[in-house]
Amino acid sequence: MSSADRTTRRLFALEVVRQLQGAGYQAYWAGGCVRDRLLAREPKDYDVATAATPDQIRALFDRRRTLAIGAAFGVICVLGPVGAGQVEVTTFRSDASYSDGRRPDAVVFSSAEVDAQRRDFTINGLFYDPIAEQMHDFVGGRHDLEQGLVRAIGDPAARFREDKLRLLRAVRFAATFGFHLEPQTFAAVKVLAHEIHAVSAERISEEMRRMLAHPSRGVAARLLAESGLLAAILPEMTPLTGDDPSVPAAATTAWNQTLAVLDQLQSDSFACGLAALLHQVSRDPAFVAHLGRRWKLSLKEIEQTSWLLARLDALAGARQAPWSNLQPLLVHEGIGELLALHAARARVRVGELADAEFVQAQLQRPAAELNPPPLLTGDDLIEHGVPRGKEYKHLLEAVRAAQLDQLIQTRAEALALVDRRRQPG
């Protein structure tokens, strides 16, 4: 998002508060946007909490500019002008029980202080009045931000039972912000980790995407393992982490290497992060496909991860490899991720980056040199009198390899190679 778009979003969120307050309703920025601003981070979205009811919100902003996406829970979406996005406006509320472990069975509209108490973590329970430029902290969130703590509001077990996804969110916040999990909060995560299965696969995978695509992925993996969440959502990792006393000590060494690769990985790709997490467990495409179905990953994510794992060692020895073997990798759309994964493993295992540096240098070649047009196509073979059939594929591959290795340079030389390949014996 450009700086102009971020400014437009912030100004629109400010205007939403201004209009609510101008109509006589208490209204504040709430939750993550307040937390991020205190951490000197640019918020991606702005949420507003207010004393106005859903009907009052819609009447104030015009029903044509609002969406009742969760009116039963006090949530109205206010649509902004072009570039401003939308602002989720929620009525101050308290929540009844959470029978499904995700949403409250009912809500009661209340005050800002009561509303803060029903939120997940203290660092997400802050309110800010952008008009008066005043902070409202009913849960000690500002102190925990200063101390670098992720602490559940009130009873941690109660907060996690309300929405089991908070178990994963606790780990993600601690990892991405470089915070510690407050001891009682962490203890509750460990006790309830096995209940994460109450959460839909889509919500679990979204949290994993955010963790594995972030530079703190190694810290997140450590916390997932220590909390028991990794064993719950990815039990195939258990032998590697050493949680099973029957597993030899060598397995924990492999886990430590996995963590080190995750720490060293320089990529914002989820598929790359997932491949780094899985590479000591299995490189089998069938395993990745099975996990993809379990987590409801996209076909693209499954294919990307499988491609990376299958070619994990493909760049080793790149300096000595025939160009015809290396070049198809360099022109593949996943080469950036593969190079990042190779470099991370090289730093961990031997610290030898010569192959990675060589590959990076080759990628700087002009496009016409890196990926020259083929000397022959199927039409050329037809014109040359080669009968249609499976032979086409092998002939074209042989010609392309010879071209890349600079053994042939012209169409005539390519056709001569075809003739030689087709001669009996």
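At the start of helix 15 (residues 285–295), a side-chain oxygen of D284 comes to within 2.9 Å of the backbone nitrogen of A286. The model is predicted, and local features therefore require pLDDT of at least 70, side-chain atom pairs count only at pLDDT 80 or more, and totals for chains, interfaces and linings use all residues. Residues are numbered from 1 along each chain as its sequence is written, and side-chain values use heavy atoms, without hydrogens and water. Helices (H or I, at least four residues) and strands (E, at least two) are DSSP runs, numbered from the N terminus.

Within helix 15, F287, V288, L291, G292 and W295 are buried, that is, under 20% relative accessible area (1.4 Å probe, protein chains only). Viewed down the axis of helix 15, the buried residues fall within an arc of 135 degrees, so they line one face of the helix; the arc is that of the directions from the helix axis to the C-beta atoms. These residues pack against helix 9 (201–212), helix 11 (229–233), helix 14 (270–278) and helix 16 (299–310), contact meaning heavy atoms within 4.5 Å. Just after helix 15, K296 adopts a positive phi of about 55 degrees.

An open sheet of mixed pairing is formed by seven strands in the order 3-4-5-2-1-8-9, where two strands pair if DSSP finds at least two bridges between them. Strand 3 (66–70) and strand 9 (134–137) stand at the edges with a single partner strand each, so one side of each lacks a neighbour in the sheet. Strand 1 (residues 27–30) and strand 8 (residues 126–129) run antiparallel and are joined by two bridges, with A30 opposite F127 of strand 8.

Conventions
Buried means under 20% relative accessible area, exposed over 50%, partly exposed in between (1.4 Å probe, protein chains only). A polar contact is a pair of N or O atoms within 3.5 Å; within protein, one must be able to donate a hydrogen and the other to accept it, and residues adjacent in sequence count only if both atoms are side-chain atoms.
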